[in-house]
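Subject: Structure handover

Hello,

Here is the structure for you to open. Please keep it on screen while you read the notes below.

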Amino acid sequence: MSLNPSPDEQHSLRLYGRAKGHRLRPRQANLVKTLLPTLGLPDKLSMRTDIVPDDTPLWLEVGFGSAEHLLAQAQKNPHVCHLGIEPYLNGMAKALGGVEEYNLDNVRLERGDAREILTTLPDASLDRVFILHPDPWPKKRHWKRRLVQSAFVSELARLIKPGGQLRFASDIAHYQAWALAHILDDGHFEWTAMRADDWRVAADDHAPTRYEGKAKKAGRPCVWLDFIRKHDENK
Ligand SMILES: C[S@@+](CC[C@H](N)C(=O)[O-])C[C@H]1O[C@@H](n2cnc3c(N)ncnc32)[C@H](O)[C@@H]1O
């Protein structure tokens, strides 16, 4: 397989590690059984309004881990519907615990591979997307497993409304450069940075994540890359 896998090749690769960790506590297991099915996307999804009313912004977080950022954004932005996609069961259980604890009615959750779930969403249905500290796959032979690939960026360009936003964060220098190159190469996104602090300092609307905390403790600087989905020409 080449370093630039075709969409079919990339789809056959698993991008994440464990789908399950330690055994869930009874309360968490119960939330997975009873609450998770009520927060998923509808089975028949043909229009954005099958998910949210037209005037409700829809934000997506891919690979939310333990859900610190997702839950913080949902509390700070109650007018927004926050969709989180994560394959890791224990992370999902944390998200569900937060939804219950903070009594949130603006969160939707799907467990699985974002690359598959996103194909079910209608064009231009998302106002904002967050990809925060995706698995870095640092070895060269594993780069093809990185979430950010040309095909994935072009799927995001299909899904994010013109004028919508994409935020990518990483503490791995090679992935920072990789993501910037792949996202700009796609041609649908404009990088909003004007000065170095725009990527070196977290924006006011950011909420820190577990992996960000780990990176800071280990002395690895984080970078936040913000993009705007361009308007299509001739439209
Ligand atoms: C390094 S962790 C970062 C978690 C969190 N964003 C943070 O900053 O703390 C990467 C996360 O992405 C998830 N992930 C990996 N591949 C994914 C995929 N194809 N679709 C959705 N999530 C994925 C993993 O399960 C894991 O929770």
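Helix H8 (residues 173-186) lies across strand S5 (160-170), S6 and strand S7 (223-229). H8 runs at about 165° to S5. Axes here are lines fitted to C-alpha atoms, for helices over the stretch in contact, and angles run from 0 to 180 degrees between N-to-C directions. Helices (H or I, at least four residues) and strands (E, at least two) are DSSP runs, numbered from the N terminus.

Two notes on the source. This is a predicted model: local features need pLDDT of at least 70, side-chain atom pairs count only at pLDDT 80 or more, and totals for chains, interfaces and linings use all residues. Residues are numbered from 1 along each chain as its sequence is written.

The sheet

Seven strands make an open sheet with mixed pairing, in the order S3-S2-S1-S4-S5-S7-S6. Strand S3 (107-110) and strand S6 (189-191) are the edges, each pairing on one side only. From one strand to the next, the twist averages 20°. Two strands pair if DSSP finds at least two bridges between them.

- S1 (residues 58-62) and S4 (residues 126-132) run parallel, joined by 4 bridges. Trp59 stands opposite Arg128 in S4.
- S5 and S7 run antiparallel, with 6 bridges. Ala169 faces Trp224 in S7 as its opposite residue.
- S6 and S7 are antiparallel too, over 3 bridges. Trp191 has Phe227 in S7 as its bridge partner.

S7 is largely enclosed by the rest of the structure, because 5 of its 7 residues are buried. Buried means 20 or more other C-beta atoms within 10 Å of a residue's own; exposed means 12 or fewer, partly exposed is in between, and C-beta atoms are placed from the backbone.

The cores

The largest nonpolar core has 36 residues. Such a core is a set of buried Ala, Val, Leu, Ile, Met, Phe, Trp, Tyr and Cys residues joined through C-beta atoms within 7 Å. Val129 and Leu156 touch the most other members. S1, S2, S4, helix H7 (150-159), S5, H8 and S7 each supply at least two residues. Leaving aside neighbours within four places in sequence, Val129 is in contact with Leu60, Val62, Leu156, Ile160 and Leu166. Contact means that the C-beta atoms of two residues, placed from the backbone, lie within 7 Å. Another core, of 13 residues, lies apart from the largest one and includes Leu31, Leu71, Met92 and Leu96.

Helix H5

H5 (residues 89-101) has 13 residues. Its buried residues are Gly91, Met92, Ala93, Lys94, Ala95, Leu96 and Val99. Their cover includes helix H2 (26-34), helix H3 (36-39), helix H4 (68-76), strand S2 (81-85) and S3.

H2 and H5 pack at about 85°, with axes 9 Å apart. The two are therefore roughly perpendicular (65 to 115 degrees; under 35 is roughly parallel, over 145 roughly antiparallel, the rest oblique). Gln28, Leu31 and Val32 in H2 meet Met92, Ala93, Leu96, Gly97 and Glu100 in H5.

Positive phi

Most residues other than glycine have a negative phi. Just after H5, Asn103 has a positive phi of about 55°. Ala124 has one of about 50°. Ala124 sits in the loop between helix H6 (114-117) and S4, and is partly exposed, with 17 other C-beta atoms within 10 Å. Trp137 has a positive phi of about 40°. Trp137 is in the loop between S4 and H7 and counts as partly exposed, with 19 C-beta neighbours inside 10 Å.

Best wishes

Key. The expected span of a helix is 1.5 Å times one less than its number of residues.
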